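Look at the sequence and the structure, then read on.

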Amino acid sequence: MPNMKYNPVSIIRKKREGDPLTKEEIQFLIQSYTADQIPDYQMSAFLMASFLNGLNSDEAAALTYSMLHSGIIVDLSHISGKKVDKHSTGGVGDKLSLILAPIVASCGVPVPMISGRGLGHSGGTLDKLESIPGFNVDITLDRYKEIIKKHNLVLAGQTEEIAPADKRLYSLRDVTATVESIPLIAGSIMSKKLAEGIDALVLDVKFGSGAFMKNIDDAKELAETLVSIGEQFGKETIAYLTNMNQPLGYAIGNWLEVKESIDCLKGIGPDDVMEITHLLAGTMIYLGNKADSIDEGIEMSHDAIENGAAFQKWVDIVEEHGGDVSVIKNPDQYPNVKFKVDVSSIGSGVITKMDTYAMGMISLELGAGRRSKEDDVDPQAGIMLHKKIGGKVERDETFATLYTNKEESIDEAVKNLKAAIELADELQNPLKSITHRVDKDGIHEYQ
Ligand code: URA
């Protein structure tokens, strides 16, 4: 047994009784666990006690600090200007990073973006980027620094040096039913974001059936916790609460989403995607000191699409990461998927509800996501919706098309997708895409 300053059992007992832990106790646990001096069973007990009794904001900040310092903080001081990133808590059809990163970079704000892979029903930016033939997200830190210097933008995966404690804890949470804890999620997200070398952060905290947080109150609490941690670390942080009760845009699945993002960068993207993209991009441009207000940032974001600067930035960054720009310039050259199957409505009326979680899971089963960590994703698989909430459908009219290379998945997917929409004579309550902004001054309703 290594020489230990604290007794892990006493710390676990303290948390079990609901008493707050000191920064030193939390740091001891995280450091010792990362150094293999505390076994998984004790860490699991700590996680469950924290899950059940919660962690206050000082404890959440201490957890973030300990996880952040389990690895390096990337030094981007060779890049002038405020570095700003965006993080989404994840959703179905959420391709916003692919659109807003080139917009913001083309407006002069450096964007160091370290992204993750798909998790369960929700997709991941890395899998989307890798659907572009040749695109390499596994780069060294030196290359990371070189690319952001050259383009004001880099799109990479998490390296071993970034918050290694989070990597281990995340796997343990996954198998101990302790993922859905607000302070544990907040510590996990913020330790990785703070390690990137950012000066400010914009957060897209999603709620609803396609999100991690199913109800808006949990999403508010998560947003407040994330903002409070960011501010405690001296980084200006603004979060928005956005609605995941229908997929974002029409495309779900890796290449399908890249293709829709190209439309967005060319100025012909769906309204719901563009509304949130411009808000998040405008906020990043403002936090990066290139606009005097968020509204001015939003205008700059529109201009970057209209004058082609954002699309050019996207082409340049794809090329720099080794991606095939011919499919970016001509998406129709992308190889064809084996099966495209139209799915028709079983009734007629207006779509009033979409089971967004189910749609994410259907896309996963078609090949777009992983059932286990070892699975490969199929870049071509997914769903193209032709209608969204508020859209009218006739009986037997096609409302979606499935894309897959797995013939055996088709029947179940068609059945489940038909069941994932609800129809009525009219839509009583249209969805509001963005409901709140959370910043250091509190929570504000979004008009
Ligand atoms: N994303 C993360 O990075 N961590 C979590 O715990 C949940 C979502």
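The sections below take up the model, its sheets, its rings, its cysteines, one loop and the ligand.

## About the model

This is a predicted model: local features need pLDDT of at least 70, side-chain atom pairs count only at pLDDT 80 or more, and totals for chains, interfaces and linings use all residues. Residues are numbered from 1 along each chain as its sequence is written, and side-chain values use heavy atoms, with hydrogens and water left out.

Helices (H or I, at least four residues) and strands (E, at least two) are DSSP runs, numbered from the N terminus. Buried means under 20% relative accessible area, exposed means over 50%, and partly exposed is in between (1.4 Å probe, protein chains only).

## Strands and sheets

Strands of a sheet pair through backbone hydrogen bonds, either parallel or antiparallel. Here two strands count as paired if DSSP finds at least two bridges between them.

Start with strand S1 (residues 84-88). S1 is mostly covered, with 5 of its 5 residues buried. Val84, Lys86 and Ser88 point one way from S1, while Asp85 and His87 point the other way. S1 pairs with strand S4 (residues 200-207) in the parallel sense, over 5 bridges. In S4, Val202 stands opposite Lys86.

Next comes an open sheet of 4 strands. Its order is S6-S9-S11-S7, and the pairing is antiparallel. Which strands stand at the edges? They are strand S6 (251-252) and strand S7 (339-344). Each has a single partner strand, so one side of each is left without a neighbour in the sheet. Strand S9 (residues 382-385) and strand S11 (residues 398-404) run antiparallel and are joined by 4 bridges. Met384 stands opposite Thr401 in S11.

Strand S13 (residues 434-439) and strand S14 (residues 442-445) also pair in the antiparallel sense, over 4 bridges. S13 and S14 form a hairpin with 2 residues between them. Val438 has Ile443 in S14 as its bridge partner.

## Aromatic rings

Rings of Phe, Tyr and Trp (its six-membered ring) pair if their centres lie within 6.5 Å. Planes under 30 degrees apart count as stacked, over 60 as edge-to-face and the rest as tilted. By this rule the count comes to 4 aromatic pairs. In one of them, the ring centres of Tyr6 and Phe28 are 5.3 Å apart and the planes are at 50 degrees, so the pair is tilted. This pair links distant parts of the chain, 22 residues apart: Tyr6 is in the segment before helix H1 (8-16), and Phe28 is in helix H2 (residues 23-34). Tyr6 is partly exposed at 23% relative accessibility. Phe28 is buried at 10%.

Tyr65 and Phe233 make another pair. Their ring centres are 6.5 Å apart and their planes are at 25 degrees, so the pair is stacked. Tyr65 lies in helix H4 (residues 57-68), and Phe233 lies in the loop between helix H10 (216-232) and strand S5 (236-243), so the pair ties together parts 168 residues apart in sequence. Tyr65 is partly exposed at 27% relative accessibility. Phe233 is partly exposed at 21%.

A charge sits over a ring if NZ of Lys or CZ of Arg is within 6 Å of the ring centre and within 35 degrees of the ring normal. The charged end of Lys23 sits over the ring of Tyr65, 4.2 Å from its centre. Lys388 has its charged end over the ring of Tyr250, 5.3 Å from the centre.

## Cysteines

A disulfide is a covalent bond between the sulfur atoms of two cysteines. The cut-off used here is a pair of cysteine sulfur atoms within 2.5 Å. How many disulfides does the structure hold? The structure holds 0. For Cys107, the nearest cysteine sulfur is that of Cys264, 16 Å away. Cys107 is buried, with a relative accessible area of 14%. Cys264 is buried too, at 0%.

## A loop glycine

Gly267 lies in the loop between helix H11 (254-265) and helix H12 (271-287). Gly267 is partly exposed, at 48% relative accessibility. Gly267 and Ile216 are 51 residues apart in sequence and 31 Å apart in space, C-alpha to C-alpha.

## Around the ligand

A residue is near a molecule if one of its heavy atoms lies within 4 Å of it. The residues around the ligand are Tyr170, Arg173, Ile185, Ser188, Ile189, Lys192 and Phe212.

An N or O atom in the side chain of Arg173 is 2.9 Å from an oxygen atom of the ligand. Ser188 has a polar side-chain atom 2.6 Å from a nitrogen atom of the ligand. For Lys192, a polar side-chain atom lies 2.5 Å from an oxygen atom of the ligand.

Note on methods: Polar contact = N/O pair within 3.5 Å; in protein donor to acceptor, adjacent residues only side chain to side chain.
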